[in-house]
Amino acid sequence: MNIAPSATPEPCVIVIFGASGDLTQRKLIPALYDLDRQGRLPERLCVLGVSRTAMSDEAFRERMLEGVKKFAASFDKAKWDSFCKRLHYHAGDSISPEIYAGLSKRINELGTQHNILRAGGMPNILFYLSVSPNLYEGIIANIGQAGLVAEGHRWCTVNAEKMPWQRIIIEKPFGTDLRTTISLNQALGRVFEEDATYRIDHYLGKELVQNILVMRFANTFFEPMWNRQYIDHVQVTAAETVGVGSRAANFYDTAGALRDMIQSHLLQVLALVAIEPPSVFDAAAIMREKIKLLNCSPTLSEQAAASAGVFGRYGPTASEPGYLQETGVDASRNTETYAAIKLMFDNWRWAGVPFFLRSGKKMAAKLTEVVVQFKKPPTNMFRHFDSAVADRPANRLIISIAPREGISLRIEGKVPGSGIKLASANLELDYLSAFGGEVIEAYGPLILDAIRGDRTLYKHRDEVEGGWRICEPFLHSPALRTGIDTYTPGSWGPNRADSLIAADAPDRQWHNP
Ligand SMILES: NC(=O)c1ccc[n+]([C@@H]2O[C@H](COP(=O)([O-])OP(=O)(O)OC[C@H]3O[C@@H](n4cnc5c(N)ncnc54)[C@H](OP(=O)(O)O)[C@@H]3O)[C@@H](O)[C@H]2O)c1
């Protein structure tokens with residue numbers, strides 16, 4: 001059953017597991033503070049942070065204040081003074097079932113204190129799992145056993161809107177491969193309905209990612225060309241200039257670029273570029289199309305994956321360590337800091353069109369972008385001119401997601417003056433200067449969507465499982481895992497990635513600005 005999202009966010013208690021951690025302090029609380037500052041949070045809403053560190057509400061607020069001052073879009077002392085009254089803290093080990101009676105009591109007390117109890121004496125609850133992924137299944141089971149998920153609004157036929165709801169937001173990673181993802185999804189399914197489950201991908205909260213669908217389907221002229229007849233290939237790149245540093249030990253060395261970026265974020269961006277038109281802009285219709293698309297990508301053998309992928313690892317410089325010298329790296333894991341893969345989709349629209357995805361650390365520039373490369377015109381009426389006129393590049397559309405948000409279309413034009421001379425020029429749309437508005441940290445609007453019951457920008461379990469099905473052959477290919485190239489920090493990755501993109505058409509090249 002799909003519950004229609006409410007237009008305005010409803011009162012609720014947000015229970016954050018992992019409240020003393022980095023994500024809560026750096027992203028979640030600053031995002032909630034910004035929403036409150038903008039008057040976008042419901043008046044009756046509070047946050048209950050849960051982690052093991054002993055802290056009073058006051059100490060928790062002090063800690064969050066540091067994060068808000070540093071990471072919120074702007075800081076206003078008076079706004080903070082009113083916002084911080086919404087913040088509360090409960091110390092406890094959330095994998096231990098014993099704490100849940102106390103937690104449940106605290107949630108209901110806060111429901112009373114903030115006047116958010118609904119029928120049955122429970123408030124709406126939004127759980128947020130911001131803890132290490134190995135704790136997810138235990139916490140979910142404990143929430144279920146404690147009777148904190150009543151799903152009253154589902155079975156109630158009269159006044160269902162007055163019954164409390166319970167929803168859960170889960171941070172990535174959702175599993176480390178297909179098997180662990182299925183296990184996590186089963187654990188979730190035993191306690192929460194799928195439509196109460198919000199698998200967050202902060203990439204989907206980015207304006208320009210959402211703009212992909214608007215651009216494709218609110219305009220007339222992209223869609224007729226958006227297919228194998230006119231598009232040569234598509235590139236999706238997420239590059240960072242920084243290395244892994246201290247994150248190697250606790251996280252990155254067991255993840256790598258393919259898991260950390262391609263499987264989780266870039267496949268989602270690709271899906272928005274490639275899906276069929278949903279009948280309406282809503283969660284169910286968009287998820288359905290994304291799942292259909294992912295199902296069209298053939299499952300590769302590990303051997304086929306080896307020739308459709310390239311892994312790399314940044315080397316040392318005179319002043320900085322290479323990946324293998326970073327603290328906590330175990331060389332025998334063969335973790336990649338760069339991955340490039342080629343995917344195909346066997347459907348009417350995309351048959352024969354390759355999609356190239358790449359992501360790396362310590363690259364030449366920090367950027368996230370989609371490049372849609374069109375085919376050259378079917379005949380070249382300038383062929384008898386010299387090569388500077390005759391050999392012109394194809395049109396290219398670049399959707400820049402970060403750090404700049406904009407769209408650029410490369411077209412060919414005649415250089416003014418006598419004679420025929422051609423050159424490329426870009427039609428540029430700078431998103432913020434065209435439409436105005438404030439850049440909002442992706443987390444805020446996503447949390448607000450969860451409070452409204454809108455899953456449009458969240459992932460369905462079939463999408464996550466579909467993503468792993470596609471990526472696993474690359475992850476497990478012995479040839480890729482043991483054949484990792486070293487690349488120079490500050491470059492665009494291993495040279496073999498250039499051969500990957502040019503393998504079927506020599507003039508295909510990565511867009512390396
Ligand atoms: N940080 C980011 O930018 C980022 C970005 C994307 C996704 N994520 C994901 O978000 C999650 C949290 O990341 P993080 O960086 O915030 O991690 P973190 O800094 O290590 O925080 C983890 C939190 O979990 C708490 N915790 C550990 N064991 C617990 C237990 N048994 N019961 C209750 N609380 C417990 C810790 O506090 P105590 O020691 O006080 O219990 C701490 O507050 C991870 O899944 C991560 O993959 C993080």
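Is cysteine 46 buried or exposed? In this predicted model, cysteine 46 turns out to be buried, with a relative accessible area of 0%. Cysteine 84 is buried as well, at a relative accessible area of 13%.

What about bonding between the cysteines? A disulfide is a covalent bond between the sulfur atoms of two cysteines. With sulfur pairs required to lie within 2.5 Å, the tally here is 0 disulfides. For cysteine 46, the closest cysteine sulfur belongs to cysteine 12 and sits 8.0 Å away, so the gap is too far for a bond. Cysteine 84 is in no disulfide either: its nearest cysteine sulfur is the one in cysteine 46, and that is 13 Å off.

Moving on to helix packing, two packed helices are described by the angle between their axes and the distance between the axes. Helix 11 covers residues 283–295 and helix 16 covers residues 461–476. Their axes come within 9 Å and cross at roughly 20 degrees. Angles under 35 degrees count as roughly parallel, so helix 11 and helix 16 are roughly parallel to each other. As for handedness, the crossing of helix 11 and helix 16 is left-handed.

Which residues make the contact between helix 11 and helix 16? On the helix 11 side they are Met287, Lys290, Ile291, Leu294 and Asn295. Helix 16 meets them with Asp462, Glu463, Gly467, Arg469 and Ile470.

Conventions. Residues are numbered from 1 along each chain as its sequence is written. This is a predicted model: local features need pLDDT of at least 70, side-chain atom pairs count only at pLDDT 80 or more; totals for chains, interfaces and linings use all residues. Side-chain values use heavy atoms; hydrogens and water are left out. Axes are lines fitted to C-alpha atoms, for helices over the stretch in contact, and angles run from 0 to 180 degrees between N-to-C directions. Helices (H or I, at least four residues) and strands (E, at least two) are DSSP runs, numbered from the N terminus. Angles under 35 degrees count as roughly parallel, over 145 as roughly antiparallel, 65 to 115 as roughly perpendicular and the rest as oblique. A crossing is left-handed if the near helix is turned anticlockwise from the far one by less than a right angle, and right-handed if clockwise. Contact means heavy atoms within 4.5 Å. Buried means under 20% relative accessible area, exposed over 50%, partly exposed in between (1.4 Å probe, protein chains only).
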